[in-house]
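Here are my notes on this model, point by point. Have the coordinates open while you read.

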Amino acid sequence: MIGRLNHVAVAVPDLDAAARVWRETLGAEVSEPSDLPEHGVTVCFVCLPNTKIELLHPLGDASPIQAFLDRNPSGGMHHVCYEVADIEAACRTLAASGARILGDGRPRTGAHGKPVIFLHPRDFTGTLIELEQV
């Protein structure tokens with residue numbers, strides 16, 4: 001079902017500082033920040049030859065990223081995103097297997113303008129997984 005790794009997401013307490021480290025210290029190309037109100041985050045992407053790193057920062061007090069940063073003040077890895085060809089088929093297969101899809105169980109539009117879902121980390125060895133239709 002899952003395809004290639006799309007990105008690894010890292011929650012950061014200071015988006016500008018994090019982008020600067022990736023850009024200036026590691027020499028990576030970093031996109032401009034983009035607000036995603038539906039997800040409660042501001043993101044930018046570090047472009048690598050084989051994948052991307054998504055830098056996540058809270059957008060507003062109700063952001064789920066803020067709760068993560070409250071537990072991990074320095075930030076850290078938040079989730080991994082894998083590509084799927086058909087997100088609706090993935091949802092059906094996952095539901096049939098007992099895996100929990102977070103939220104209302106329906107895909108939402110993600111940072112790349114494509115449908116995404118998140119899977120409960122307790123069902124996947126403690127890792128929050130995002131699936132994105134490509």
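1. Start with Glu83, which counts as buried because its relative accessibility is 11%, under the 20% cut-off. This is a predicted model, so take every value here as computed from predicted coordinates. Glu83 has a partner: a salt bridge joins it to Arg4, with the closest N and O atoms 2.7 Å apart. The two ends come from distant parts of the chain, 79 residues apart, with Glu83 in strand β6 and Arg4 in the segment before β1 (5-11). Arg4 is partly exposed, at a relative accessible area of 43%.

2. How many salt bridges turn up in the whole structure? The search finds three. Besides the Glu83 pair, Arg100 and Asp123 meet through their side chains at 2.8 Å, N to O. Arg100 sits in the loop between α3 (87-97) and β7 (108-109), and Asp123 in the loop between β8 and β9, so this bridge ties together parts that are 23 residues apart in sequence. Both residues are partly exposed: Arg100 has a relative accessibility of 38%, and Asp123 comes in at 28%.

3. Then there is Arg106, which bridges to Asp104, with 3.2 Å between the closest N and O atoms. Are these two residues buried or exposed? Arg106 is exposed, and Asp104 is as well.

4. Glu54 deserves a look of its own. You'll find this residue in strand β5. Glu54 is buried yet has no salt bridge; Lys52 is the nearest side chain of opposite charge, and it is 9.5 Å away. A salt bridge calls for a nitrogen within 4 Å of a carboxyl oxygen, so Lys52 does not qualify as a partner. What does Glu54 touch, leaving aside neighbours within four places in sequence? Its contacts are His7, Val8, Ala9, Val10, Val43, Cys44, Phe45, His79 and Ala111.

5. Next, the largest pocket. It holds about 500 Å³ of space, and 29 residues line it. Nearest its centre are His39, Pro64, Arg108, Phe118 and Leu128. Two or more lining residues come from each of β4 (41-47), β5 (52-58), α2 (64-71), β6 (76-84), β8 (115-119) and β9 (129-133). What is the make-up of the lining by class? There are 15 nonpolar, eight polar and six charged residues.

6. A backbone point: Thr125 has a phi near 50 degrees, a positive value in a residue other than glycine. For context, most residues other than glycine have a negative phi. Where is Thr125 found? This residue is in the loop between β8 and β9. Thr125 counts as exposed because its relative accessible area is 81%, which is over the 50% cut-off.

7. Last, another threonine. Thr25 lies in helix α1 (residues 15-25) and is exposed, at 61% relative accessibility. How far apart are the C-alpha atoms of Thr25 and Ile117? They are separated by 33 Å, and the two residues are 92 apart along the chain.

How values were computed: Residues are numbered from 1 along each chain as its sequence is written. This is a predicted model: local features need pLDDT of at least 70, side-chain atom pairs count only at pLDDT 80 or more; totals for chains, interfaces and linings use all residues. Side-chain values use heavy atoms; hydrogens and water are left out. On a 1 Å grid over the protein atoms alone, a cavity is a set of points where a 1.4 Å probe fits but cannot get out, and a pocket is an open set with protein on both sides within 12 Å along at least five of seven lines; lining residues have an atom within 4 Å of a point. Grid points are joined across faces, edges and corners, and a volume is the space filled by probe spheres set on the points. Helices (H or I, at least four residues) and strands (E, at least two) are DSSP runs, numbered from the N terminus. Ala, Val, Leu, Ile, Met, Phe, Trp, Tyr, Cys and Pro count as nonpolar, Asp, Glu, Lys and Arg as charged, and the others, Gly among them, as polar. Buried means under 20% relative accessible area, exposed over 50%, partly exposed in between (1.4 Å probe, protein chains only). Lys and Arg count as positive and Asp and Glu as negative; His and the chain ends are not counted. Contact means heavy atoms within 4.5 Å.
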